[in-house]
Amino acid sequence: MQNFRFYVPTDIRFGTDRLSELPEALSSIGKRVLLVYGGGSIKKSGLYDKVQQQLVKGGFEVVELSGIEPNPKIHSVRSGVKLIRKHQLEVILAIGGGSVIDTAKVIAAGVFYEGDPWDLVVDSSKIKQALPIVDILTLAATGTEMNRNAVISNADTKEKLGTGGAELLPHVSFLDPTTTFSVSKWQTAAGAADILSHLFEQYFNRTKAVQVQDNIAEALMKVVIDFAPVAFENPDDYGARANLLWASTLALNGLVGNGRSGGWTCHPIEHELSAFYDITHGIGLAILTPRWMAYCITHDPSTHEKFAKYGEAVWGLTGDSQAEIARKAVRTTYEFFEDQLEIPMTLQKVGIETTELVDEMSQQAVVHGELNTDGPFVRLDEEAVKSIITSCFEEMTLN
């Protein structure tokens with residue numbers, strides 16, 4: 001285990017009926033608020049009206065930025081920065097999932113940067129200061145509510161990149177499982193796949209003596225596997241939604257990743273798919289992840305031990321060898337996404353019908369994700385990434 005610092009001062013307000021605390025949470029930071037949200041879902045659910053009642057009650061001056069898209073775009077960040085400067089706003093209130101909160105984070109940093117906010121995405125070292133953020137989470141997926149990360153897309157350059165800094169940590173996050181009851185089956189499945197992918201990216205790693213982190217990761221994986229199908233079939237099941245929501249937060253707040261070195265793989269590859277085709281991030285991860293796993297165990301036998309451990313601890317699998325258990329684990333992961341969450345498991349089924357951009361996406365993934373280095377669990381060059389993406393156009397046949 002390597003040296004690390006774990007300092008995550010986000011004030012988590014978990015549970016039902018906590019919105020009465022919103023005026024107090026905001027007042028300690030500022031009275032002039034930029035309210036950031038996506039489409040009409042929070043208005044249909046009644047959450048928007050409940051928040052507005054609290055804002056009026058607290059006497060806040062509010063300016064709105066709506067229409068934040070999935071795979072959030074840099075133009076929304078630029079708009080938010082302009083609004084804050086024009087109205088001299090003091091705090092950002094973000095209502096939504098990861099796209100909305102990530103947008104709020106880069107807006108918060110962009111206010112204190114004189115150049116184009118896209119610079120802060122390309123080079124996180126330029127982030128020096130940020131406006132405080134309060135969020136009300138409506139989707140269990142990204143973990144952004146308790147971490148320093150954000151991902152933003154640039155439609156002009158066909159790039160989707162991550163950035164981060166301690167300055168971007170939300171000050172207060174409201175996590176009410178009932179706000180996720182209205183999440184569709186599609187987004188429930190995508191969110192579960194995203195949570196699992198965050199855990200996989202940290203768990204499949206070469207750092208030694210990280211049993212604490214591995215055991216936490218395995219426990220969180222089992223929670224998602226147990227409760228995602230329940231929430232999928234019974235969206236108003238409070239216990240299932242609560243466990244998914246808290247698992248999402250804990251999966252990427254540092255508990256699993258701190259003390260490790262190394263890089264991620266499936267996220268950088270998927271970022272290229274959604275940058276070029278704007279597909280749903282979690283669905284892309286579900287399609288890619290079992291193919292990446294299959295590539296690992298096929299091309300690098302040294303991975304069998306960790307995949308077997310995953311199969312035994314998370315799925316309860318047995319076999320005569322580590323290689324056999326590893327194969328079963330990959331197949332079981334694929335079947336979970338396909339059968340339990342009804343995720344379409346080929347790229348054609350999510351609208352990517354041609355392989356013409358595979359070469360370009362593979363090249364970009366290797367560069368942006370630093371995949372051809374010693375960081376990732378298995379080193380990948382452009383040909384390896386190309387083979388993984390290409391395999392996503394066919395049903396997986398690993399025995």
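In this predicted model, strands β4 (residues 91-96) and β5 (residues 133-137) run parallel and are joined by five bridges. In general, the strands of a sheet pair through backbone hydrogen bonds, in either a parallel or an antiparallel manner.

The two strands belong to an open sheet of six strands. The order is β1-β8-β5-β4-β2-β3, and the pairing is parallel. The edges are taken by β1 (11-14) and β3 (61-65). Each edge strand has a single partner, so one of its sides lacks a neighbour in the sheet. On average, neighbouring strands of the sheet are turned by 20 degrees against each other, direction ignored.

Two helices lie across strands of this group. Helix α3 (residues 47-57) lies across β2 (32-37), β3, β4 and β5. Its direction is at about 155 degrees to β4. Helix α4 (residues 74-87) lies across β2, β3 and β4. Helix α4 runs at about 160 degrees to β3.

A UniProt record, an unreviewed entry, places the feature "domain: Alcohol dehydrogenase iron-type/glycerol dehydrogenase GldA" at residues 9-177. In the model, the end C-alpha atoms of residues 9-177 are 21 Å apart. The span is 31% helix and 25% strand.

Next come helices α7 and α8. Helix α7 (residues 185-203) packs with α8 at an angle of about 170 degrees, and their axes are 10 Å apart. Angles over 145 degrees count as roughly antiparallel, and α7 and α8 are therefore roughly antiparallel to each other. On the α7 side, the residues that meet α8 include K185, A192, L199 and Y203. On the α8 side, D214, M221, A228 and E233 are among those that meet α7. By class, this contact has 15 nonpolar, one polar and four charged residues.

Two residues of α8 were examined individually. Q213 lies in helix α8, which spans residues 211-233. Q213 counts as buried because its relative accessibility is 2%, and the cut-off for buried is under 20%. Leaving aside neighbours within four places in sequence, Q213 is in contact with M1, L255, V256, N258, G259 and R260.

V223 also lies in helix α8. At 21% relative accessibility, V223 counts as partly exposed. Not counting residues up to four places away in sequence, V223 touches A228, N243 and A247. V223 and W246 are 23 residues apart in sequence. In space, the C-alpha atoms of V223 and W246 are 9.8 Å apart.

Terms used: Residues numbered from 1 in each chain as written. Predicted model: local features only at pLDDT ≥ 70, side-chain atom pairs only at ≥ 80, totals over all residues. Heavy atoms only, no water. Helix = DSSP H or I, 4+ residues; strand = E, 2+ residues; numbered from the N terminus. Buried < 20%, exposed > 50% of the residue type's maximum accessible area, 1.4 Å probe, protein only. Contact = heavy atoms within 4.5 Å. UniProt positions renumbered as here; feature names shortened; annotations may be inferred. Axes fitted to C-alpha atoms, helices over the stretch in contact; angles between N-to-C directions. Parallel < 35°, antiparallel > 145°, perpendicular 65-115°, else oblique. Nonpolar A, V, L, I, M, F, W, Y, C, P; charged D, E, K, R; others polar. Pairing = 2+ DSSP bridges.
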